[in-house]
Amino acid sequence: MSTYRERAHRQTARASVLRAIASRERSSHLSAPRVPTVGIDIGGTKVMAGVVDADGTILERVRTETPDKSKSPKVVEDTIAELVLDLSDRHDVHAVGVGAAGWVDADRATVLFAPHLAWRNEPLREALAARLAVPIMVDNDANTAAWGEWRFGAGRGADHLVMITLGTGIGGGILEAGKVKRGAFGVAGEFGHMQVVPEGHRCPCGNRGCWEQYSSGNALVREARELAAADSPVAHHILDRVKGQIGDITGPLITELAREGDPMCVELLQDIGRWLGVGIANLAAALDPARFVVGGGVSDADELLIGPAREAFRRQLTGRGYRPEATIVRAALGADAGMVGAADLARLVARRFRRANRRRAERAHRPAFDLRLTPRGWAGEQ
Ligand SMILES: [Zn+2]
């Protein structure tokens with residue numbers, strides 16, 4: 001049986017090893033080559049591709065429409081390949097990072113499922129690597145956005161960070177000690193389908209009361225259209241704006257009217273913001289980050305959304321008053337976060353690829369006796 005002192009010693013040693021690993025991972029992006037890479041963001045309606053330098057500056061961007069869901073996976077690959085080849089006519093491309101809305105496996109090679117595309121267990125990394133002959137990185141778009149905001153946007157300096165993207169639904173990304181947490185199977189961060197209201201609104205995922213049914217662009221538009229369809233007096237202003245066409249009520253229009261002071265639109269954004277704060281309090285209880293970064297189209301409403309979210313978060317936070325509180329801020333990179341983050345994550349792959357090549361080359365050229373005479377530290381690096 002080990003003594004208390006021995007156990008304590010082992011624990012201290014283990015903690016210092018874990019700290020060393022975390023710090024190496026955290027600094028990996030610092031040692032990545034300062035070369036331009038391409039980031040690709042595959043959204044529901046458009047595919048954006050950009051050449052991004054090591055400081056996060058977009059040197060050039062191109063975009064095209066997302067191929068229809070009915071098209072084969074090959075068509076999407078063709079689209080990505082064309083964009084990259086177009087950009088590589090004018091830029092040196094050292095690696096390509098792809099952020100896709102969907103579930104990407106833990107090896108970041110296969111897209112398990114993508115709601116907007118025909119990808120089902122699609123081995124995207126291999127397929128693209130074979131065609132483009134550069135290292136490829138594939139990740140979930142919320143993860144790439146989280147990384148982009150942490151490196152160059154509103155998340156800078158917060159090594160424990162949660163990114164929430166409010167678009168049609170909710171996307172999520174988690175960074176711990178400056179590293180993306182993807183879970184055992186690669187699909188961590190699907191916050192949108194946490195249940196917040198038992199027996200609440202139906203969700204296309206098959207359950208009821210999911211968070212994104214209360215705090216998302218879809219939720220915002222659904223509530224506004226319901227009020228308009230009921231011919232509520234509070235909806236008369238927005239009905240005038242869309243000339244009675246309820247189907248023309250969109251998230252950006254609601255945000256625009258809220259900025260002009262329309263009471264219904266202000267209130268709808270407050271509701272969305274309150275639900276946002278409730279969900280964020282739950283995430284704080286589980287993950288304890290220092291900062292929440294809120295992005296996605298709905299975040300254009302800025303303080304009209306984030307203000308109520310902060311209030312609800314403080315009311316709801318467990319142990320409030322007895323713990324440091326995370327801050328909630330709006331994302332800084334806007335719609336570019338996913339693309340910039342994908343390019344930057346690809347830079348890590350570019351480094352590994354180049355080093356591996358160099359090592360192979362070194363091994364091929366090194367005389368045999370060198371191996372015997374090398375100092376321990378050097379040999380240990382092999
Ligand atoms: Zn759901």
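**View 1. Pairing of strand β4 with its neighbours.** In strand β4, glycine 99 is the bridge partner of aspartate 41. The model is predicted: local features need pLDDT of at least 70, side-chain atom pairs count only at pLDDT 80 or more, and totals for chains, interfaces and linings use all residues. Residues are numbered from 1 along each chain as its sequence is written. Strand β1 (residues 37-42) pairs with β4 in the parallel sense over five bridges; strands are DSSP runs of E with at least two residues, and helices are runs of H or I with at least four, numbered from the N terminus. Two strands pair if DSSP finds at least two bridges between them. β4 also pairs with strand β8 (residues 136-140), in the parallel sense and over five bridges. There, isoleucine 136 of β8 is the bridge partner of valine 96.

**View 2. Burial of strand β4.** Five of the five residues of β4 (residues 96-100) are buried, that is, 20 or more other C-beta atoms, placed from the backbone, lie within 10 Å of the residue's own. In a regular strand, side chains alternate between the two faces of the sheet. Val96, Val98 and Ala100 are buried on one side of β4, and Gly97 and Gly99 on the other.

**View 3. Contact of helices α7 and α8.** Ile254, Leu257 and Ala258 in α7 meet Cys265, Val266, Leu268 and Leu269 in α8, contact being C-beta atoms, placed from the backbone, within 7 Å. The contact residues divide into seven nonpolar, no polar and no charged; Ala, Val, Leu, Ile, Met, Phe, Trp, Tyr, Cys and Pro count as nonpolar, Asp, Glu, Lys and Arg as charged, and the others, Gly among them, as polar.

**View 4. The end of helix α8.** Aspartate 288, with a positive phi near 50°, follows α8.

Terms used: Two residues are in contact if their C-beta atoms, placed from the backbone, lie within 7 Å. A residue is buried if 20 or more other C-beta atoms lie within 10 Å of its own, exposed if 12 or fewer, and partly exposed in between; C-beta atoms are placed from the backbone.
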